[in-house]
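Let's take a walk through this structure together. Keep the 3D view open and follow along as we go.

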Amino acid sequence: MSDRLEVRRTAKLFIGGEFPRSESGRTFEVRGADGELLAHAARASRKDLRDAVKAARSAQATWAAKTAYNRGQILYRVAEMMEGRRGQFGSELREAGVDDPEREVSAAIDRWVWYAGWADKLAQVVGGTNPVAGSYFNFTLPEPTGVVGVVAPDEPPLLGLASRLAPAIVAGNTAVVLAGERAPLVAVSFGEVLATSDVPGGVVNLLTGSKTELLPWLAGHMDVNALDLTGCPSELAADVEVTAAENVKRVHRAAPVDPYDPRAQSPYEITALLEMKTVWHPIGA
Amino acid sequence: MSDTKDMRPAPAATPVAPPADWTYAPAPESTDIVRIEDRYGLFIGGEFVEPKSAKWFPTINPATEDHLADVAEAGPEDVDLAVAAARDAYDSTWRDLPGSERAKYLFRIARQLAERSREFAVLESMNGGKPIKESRDVDLPLAAAHFFYYAGWADKLEYAFPHVVPTPIGVAGQVIPWNFPLLMAAWKLAPALAAGNTVVLKPAETTPLTALLLGQVIHEADLPPGVVNIVTGAGATGAALTGHDGIDKVAFTGSTDVGKTIQRQLAGSGKRLTLELGGKAANIVFEDAPIDQAVEGVVNGIFFNQGHVCCAGSRLLVEEPVFEELLDKLKDRLQTLRVGDPLDKNTDVGAINSKQQLTKIRELVDSGVEEGAEIYQPECVLPERGFWFAPTLFTNVSQSHRIAREEIFGPVLSILTFRTPEEAIEKANNTPYGLSAGIWTEKGSRILWMAERMRAGVVWANTFNRFDPASPFGGYKESGFGREGGLHGLEPYLQLEGRP
Amino acid sequence: MTQSAPITPYATIQPGDATRLVRRTPAVDAVGLEERAASLAKRSIKKDAKRWALDLAIRCMDLTTLEGVDTVGKVVALCAKAVRPNPLDPSVPSVAAVCLYPNLIPTAVEQLRGTGVKVASVAGSFPGGLGPLEVRLREIRDVVASGADEVDIVLNRSLFLGGRYGEAFEELLAAREAAGPAHLKVILETGELGSYDRIRQASMLAMAAGADFIKTSTGKIGVNATLPNGLAMMEAARDVHRDTGRMVGIKVAGGVRASKQAVQYLVVLHETLGPEWLTPDLFRIGASSLLNDVLMQLEKERTGRYQGADYFTID
């Protein structure tokens, strides 16, 4: 070990493809399982959240308009970048007290790859033509619902984030993620993975800070179409859902299955945040 | 040929001068086929029972304001009993009944509806005010078809969703609206029962009679007691049902306001919810459209069922070059709409469903006039008794007018223009709603381009207001979530657990 | 023919514009059109309204015989029936016209003189319409000269479906001139046109050339008049009326055998072109066996008893 002074990372937010500090100037201490100070991470404010939703909205149409094949490739590229940062993720998970960081990193990468592959298959599996009684061609296709608020679970930090975020964006939604509070640096690193892959800015926006502070603003935002509340603290759930009703947000939670269980990954985790569009056209000469 | 001259007949008498106009004689459907009871109890545990609330409310014919019957108003205690009956039925029989047996019950209901369709159609028109030709040709065939379609799914659920084990959710509380009283009951009951759930259904306050007749059909079909329970009443009954601790799933069709209230009511409960709410659909007509069919589609889009349709094409967006021609044709067409007695087989537009709804329509139409839009109504004589509103067009409408933003749920069309496909999309999507949309153009690539960009759950291209049990239906944004119809309509009534 | 060619007083466009006219004719959605026709067919026409419609159906009828075996005797009998459809009931009106092959026109002219019943002749190499143009035009001139009030000719589908709209239009113009004072009905032979778009385009072309009536069918091929075909033509006529004020008649022919069908056509006409079209001047039904069915229905309305065929004369 040399006596070289380490270059420490500033743990910032990830909004619109950039890494701003919180507009509020606030940070919070991130400590490891052993109590050691790891970083002062940006503590996102409601204005940061507003900016994140704006970035997600402006990225949504272009992201959805990419070919499914292209979205699949871009998301696969994310997995490649994750693989390259195994060490970084591993040490962050270890500092956060995760027993088997190697296993979690592998599972998170594999999960991400699994969902990436759904991009160009989903429509065939969950859409289709409908045999209506009449001279009409009728088909149903899955479409993104728009901007999804993802409340990442605290546990397991990286696998939980990957398991919620990948299905949220693979079909063309964009996301505003409230990072898990136990190991927020994992989310910060994940933002860096996204920034160095080909995911367009704004498709994923990551906010570290206090869920309790941010959730009411996320739930009440009229330009957010859906919420994945898997990581929502149970004591907040009722209030958050009341607020979410203001614009009839779709509210989803992961199936209560061990995240390592293969049953935790499902195309229905994707469709829960999609709309089904049905199109009719007459058949006639 | 002079030899044939003597065979010439004498000329016929001068024919009687024809009337100036050809007035169709009244062609009323007979009501003899319907037997309406003096009063109706609640359908709980397979029997019609007196309400514990001891309260009753009248139900009328909106076309005449005649009293038809008194109907029980279910109080909290009644809702408790209904939910308990549904729970018993779920635990003791329905949940574990083989799908093939559930299927046969549903097939029975479908067949009985078809057999008794005229009776149901007449009753529907009497209680709700819709023209008999619609209840006869749309509501009843579709209701029967819906049961028939989902009957076949009951024993094939594992084919519907790959790699999962589908299991029922439990007891469903379902609240339905007054615009398609029987059809909405079918949309709710058929998938729920096929999936193995039991149900407590609350019909709308103003239109309970066909649902109660359906209760009789269900009784005659020997469905196990408690599998379907029907509690009548107003909003309080609905709230008692949707908020009941004993139910596992809520399905609601109705206004966005009430939908939001229910979503709030269920917040944090973990109960499953699907909502099919309001709409303000854009019907978009391009210059190259099949213009006369577009006119029919526009008319059908907004005047079908007096415009009491959540997916009604209430905003007409017309490409500017064809605006005048389309407007002329629309106005001419409106003159031929026959407004009046819902039971007359030639009636095109029937009665407004209730006084309350009529007041709402009038209020919004008045706001349109006040905000400066130009109103057009064809000459038509409206009956003196009952609730009526003439088919109405508004031009000079801007996006900011209330009539262009708010759901009127009546026979009122707002007409706006656009210049480019982008502008059409922008205007069409510029609403919190997202239930349906229409596109009229001969250009296939443009249809697909538009359909892709329309934020709506159902897109009708070169047609409008078509429905089918195999076709998923439901909204984006504040038009609700979840789909009814088709394979997708099963999902809200199933738990999809991953296959180990 | 070139743009500078002389135009008859009947035509509303230059021959050079025929292609443009066809191409800018609005498209027709087949399913929507058929649904509209089916929905109108469900109108319930009862009592006085039905009696009036049956009466009108007779007044609008072109009582037709177009068989190779038609003879003078057959035509004499047909004319008698045309004038007094029900000899026992003088309140039953005469039909609008009899429609015959050219060689029998003189007989009909003689039989019908002074009765108000018109004489209509097919002409122009009916039913194919593909003889040499000069021969076809001469046939038109001949039947008019021999006293036909109305001439039914066939659109040249060979030219029309081949995209030679200008030539098809010029033939129609020439026919229009040849018919002179007689009413010209142009048969589109809708059963051969293949689509409602084509029917509407052909309607526009025939009306632009000055046709007084556009007519669905010759009755000589498998597919005759249908409600949607008729509706497609009426919608075209509605556009011509809207754009020019000109009222062009509609004739449905072939396959209309039952009173119920006749009433359905009248309903579609009424609700598409309006009450002004409910007159023999603007609507015709070409039929033969329909007349007796209408008479039976009228008798049923009058007596309240269902009728038997033996009580109505066959002519």
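**A look inside**

Start at A:Leu207, which, leaving aside residues up to four places away in sequence, touches A:Leu13, A:Ala44, A:Asp48, A:Leu49, A:Ala52, A:Val176, A:Val177, A:Leu178, A:Ala179 and A:Leu214. Keep in mind that this is a predicted model. A:Leu207 belongs to the largest nonpolar core, a set of 253 residues, and is among those that touch the most other members, along with A:Trp112, A:Val177 and B:Leu106. There is also a second, separate core of 111 residues, including C:Val31 and C:Tyr265. In soluble globular proteins, nonpolar side chains tend to be buried together.

Now hop over to chain B and find strand β8, residues 198-202, where five of five residues are buried. In a regular strand the side chains alternate between the two faces of the sheet. Here, B:Thr198, B:Val200 and B:Lys202 are buried on one side, and B:Val199 and B:Leu201 on the other.

What runs alongside β8(B)? Strand β7(B) is parallel to β8(B), joined by five bridges, with B:Val171 opposite B:Thr198. Strand β9(B) also pairs with β8(B) in the parallel sense, over three bridges, and there B:Val200 stands opposite B:Asn229.

Finally, see where the chains meet: 37 residues of chain B are in contact with 29 residues of chain A. The chain B side has 19 nonpolar, 11 polar and seven charged residues. Strand β10 of chain A even pairs with β18(B), in the parallel sense over three bridges, and A:Thr278 has B:Val458 as its bridge partner.

How values were computed: Residues are numbered from 1 along each chain as its sequence is written. Chains are lettered from A and ligands numbered from 1 in the order in which they are written. This is a predicted model: local features need pLDDT of at least 70, side-chain atom pairs count only at pLDDT 80 or more; totals for chains, interfaces and linings use all residues. Two residues are in contact if their C-beta atoms, placed from the backbone, lie within 7 Å. Ala, Val, Leu, Ile, Met, Phe, Trp, Tyr, Cys and Pro count as nonpolar, Asp, Glu, Lys and Arg as charged, and the others, Gly among them, as polar. Two strands pair if DSSP finds at least two bridges between them. Helices (H or I, at least four residues) and strands (E, at least two) are DSSP runs, numbered from the N terminus. A nonpolar core is a set of buried Ala, Val, Leu, Ile, Met, Phe, Trp, Tyr and Cys residues joined through C-beta atoms within 7 Å. A residue is buried if 20 or more other C-beta atoms lie within 10 Å of its own, exposed if 12 or fewer, and partly exposed in between; C-beta atoms are placed from the backbone.
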